[in-house]
Number of protein chains: 2
Amino acid sequence: MTVVHPKQPPDNGDGSPTGEDAALERIGTRLKSRLGTPPPGETWSGDDAAVVVLPGRLESATLLLSTDAVVAGVHVDLSLVTLADVGWKALTVAVSDIGAMGGTPAHALVSVSAPPGTDLEELADGIAEAAQHWCCPVVGGDLSRAEQLVVTVSVTGTLTGPGPAVHRSGAKPGDGLFVTGPLGASAAGLRQLRDRAQSGAAVDAVLVQAHRRPDARLAEGRAARDAGATAMMDLSDGLGLDLHRLARASGVGFALDAVPIVDGATPDEALGGGEDYELLVAAPDEQRLAGTFAARDLRLPVRIGVCTGDASEGRLGTEPFDPTGYQHRI
Amino acid sequence: MTVVHPKQPPDNGDGSPTGEDAALERIGTRLKSRLGTPPPGETWSGDDAAVVVLPGRLESATLLLSTDAVVAGVHVDLSLVTLADVGWKALTVAVSDIGAMGGTPAHALVSVSAPPGTDLEELADGIAEAAQHWCCPVVGGDLSRAEQLVVTVSVTGTLTGPGPAVHRSGAKPGDGLFVTGPLGASAAGLRQLRDRAQSGAAVDAVLVQAHRRPDARLAEGRAARDAGATAMMDLSDGLGLDLHRLARASGVGFALDAVPIVDGATPDEALGGGEDYELLVAAPDEQRLAGTFAARDLRLPVRIGVCTGDASEGRLGTEPFDPTGYQHRI
């Protein structure tokens with residue numbers, strides 16, 4: 001079982017889709033050829049969550065749907081984190097996808113494939129803790145034997161109030177780009193856990209906690225949607241890779257001024273580390289965004305740059321900003 | 001990678017929950033201690049699908065939610081079936097769970113964990129074929145690297161017309177017990193595929209197809225619900241095990257007269273083989289059930305016995321009928 005460091009050079013460095021993205025695109029093409037395109041009001045793959053419509057007698061209901069797997073040895077290193085941490089993380093990264101659409105998670109399904117002897121109760125404790133914390137009860141599940149632990153969480157979500165979900169594809173030239181907090185904590189925490197395992201070095205509890213028990217920015221996602229965000233996604237694979245995804249989906253370029261780095265993290269960890277689950281937000285009205293966050297006692301989003309009209313542009317200061325981050329080799 | 005034959009003796013033979021059931025119950029207890037019990041109108045774990053309520057402005061919407069994983073080497077033998085078969089099966093067994101509640105599948109999420117080099121396009125073709133066949137588009141997904149292929153499909157479903165979903169727990173003493181078709185085809189097909197691989201023996205195309213491309217009894221599930229079925233589930237783990245589950249959930253016993261066996265299957269394959277995905281139905285009014293099926297041009301359900309008031313009773317003819325079937329060793 002090999003553990004891949006979150007910061008991996010992508011399969012190619014030219015901004016074209018790499019590894020997981022490319023595989024997902026190929027699969028998407030195969031599905032689309034049979035299943036057609038979504039009906040009006042729906043958006044399927046390509047965002048943090050799908051938006052679907054359930055017709056009712058009196059009104060139709062908009063539903064957000066998302067699924068995410070946490071694989072031991074790939075997404076988590078069981079020699080560094082507990083099974084309860086894995087459970088927390090699996091549930092949290094799934095609800096984070098709902099938050100990144102501006103939605104509120106409603107219900108979770110958990111499918112566990114595990115080697116015999118896995119402490120399923122410890123895993124369940126972490127799942128339950130997160131489900132309680134994010135008000136997203138686990139309503140069903142599935143359990144099978146496997147050689148490697150895989151925890152797959154699917155989540156439904158709803159949109160409160162009027163207006164559509166916030167997709168990745170809505171950013172316009174001139175929109176400000178924001179993140180909901182400083183980056184790099186998870187990657188720095190992972191580095192410290194490894195150092196401690198090897199040499200007994202001291203760790204920073206805050207960074208380690210960020211790696212073991214990530215937060216989902218649900219209230220922030222709702223606030224950004226209410227404040228007119230045009231595009232949004234959660235930073236699961238690192239700003240470098242994820243920002244390129246948002247820009248590509250929106251058909252814009254970007255110019256970054258500066259990126260907030262968490263105390264104790266390196267610039268590489270902040271830009272390419274991934275797993276921070278802070279939100280990346282494009283919004284035209286910075287004052288409205290800040291005002292909405294302030295009115296809800298949320299930490300103010302940090303402006304990191306602006307969307308530009310040249311889709312080939314991507315820079316940090318005067319330097320080109322290449323996609324870096326975590327991509328599974330498939 | 002070991003392949004477990006569907007027909008495995010359960011961990012114990014006294015009717016008490018075994019293996020997967022027991023593990024799920026332990027996990028359920030941990031979740032319940034934190035998450036509490038479902039609100040009115042909702043039922044969570046313990047059925048083929050969960051029933052949840054999404055509040056709306058004008059009306060609330062009932063949603064069915066289910067998730068199922070197919071693990072290579074556990075649920076499928078990749079030396080005997082294709083990746084397209086695996087994709088078909090993963091999608092189909094998930095929609096079967098919605099059908100077993102009397103619902104109609106609406107949308108699917110697919111999470112794939114796969115070893116590098118897996119032909120994801122072939123897998124996607126099988127998923128798409130099934131999604132098209134069952135009118136259940138794949139609206140989102142997730143892809144990660146893993147040592148072993150795990151395909152997890154989560155499905156939403158709706159209920160058309162009035163009345164609640166059909167649970168496992170509603171059977172009453174005196175209700176007839178029915179199956180929607182003869183049993184054992186999948187296990188017999190698997191046996192033939194193995195024989196062919198070992199000795200080049202001829203296979204029966206119908207049986208092999210039943211193993212490689214199982215059906216989901218969606219129209220039958222809706223018809224049974226409309227005809228007043230009191231309890232229902234799909235036969236994924238074999239009649240022996242699944243009937244005990246339904247009886248246990250309903251607090252009834254059962255007396256079976258005869259079980260229809262598909263041509264070419266053994267009695268053991270029919271009772272314990274599993275993966276038939278025919279529906280097991282309890283219903284008080286056989287005429288109404290048959291009439292509803294006939295009016296919709298569906299194969300008539302076959303009466304196999306009756307629910308009894310003695311919850312400890314379980315027999316086939318005059319013999320005790322022990323639970324047998326497929327249980328993952330966890």
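The legends below describe close-up views of a predicted model. Residues are numbered from 1 along each chain as its sequence is written, and chains are lettered from A in the order in which they are written.

View 1. Chain B can be laid on chain A with an RMSD of 0.0 Å by a turn of 180° and a shift of 0.0 Å along the axis, the superposition being by least squares on the C-alpha atoms of residues with pLDDT of at least 70 in both. The two copies are thus related as by a two-fold rotation axis. Because 100% of the interface residues of chain B are also interface residues in chain A, the copies meet through the same surface. The contact (heavy atoms within 4.5 Å) takes 69 residues from chain B and 69 residues from chain A.

**View 2. A salt bridge across the interface.** Between chain B and chain A there are 6 salt bridges, each defined as a side-chain nitrogen of Lys or Arg within 4 Å of a carboxyl oxygen of Asp or Glu. In one of them, the side chains of R30(A) and D125(B) meet with an N to O distance of 2.8 Å.

**View 3. A salt bridge between two helices of chain A.** R212(A) forms a salt bridge with D85(A), the closest N and O atoms being 2.6 Å apart. The pair links distant parts of the chain, with R212(A) in helix α5 (residues 205-212) and D85(A) in helix α2 (residues 83-99), 127 residues apart; helices are DSSP runs (H or I, at least four residues) and strands likewise (E, at least two), numbered from the N terminus. R212(A) is partly exposed, with a relative accessible area of 26%, whereas D85(A) is buried at 1% (buried means under 20%, exposed over 50%, partly exposed in between, with a 1.4 Å probe and protein chains only).

**View 4. The surroundings of D257(A).** D257(A) lies in the loop between β8 (253-256) and α8 (267-272) of chain A and is exposed, with a relative accessible area of 60%. Leaving aside neighbours within four places in sequence, D257(A) is in contact with I304(A), G305(A), L316(A) and G317(A).

Note on methods:
Predicted model: local features only at pLDDT ≥ 70, side-chain atom pairs only at ≥ 80, totals over all residues. Heavy atoms only, no water.
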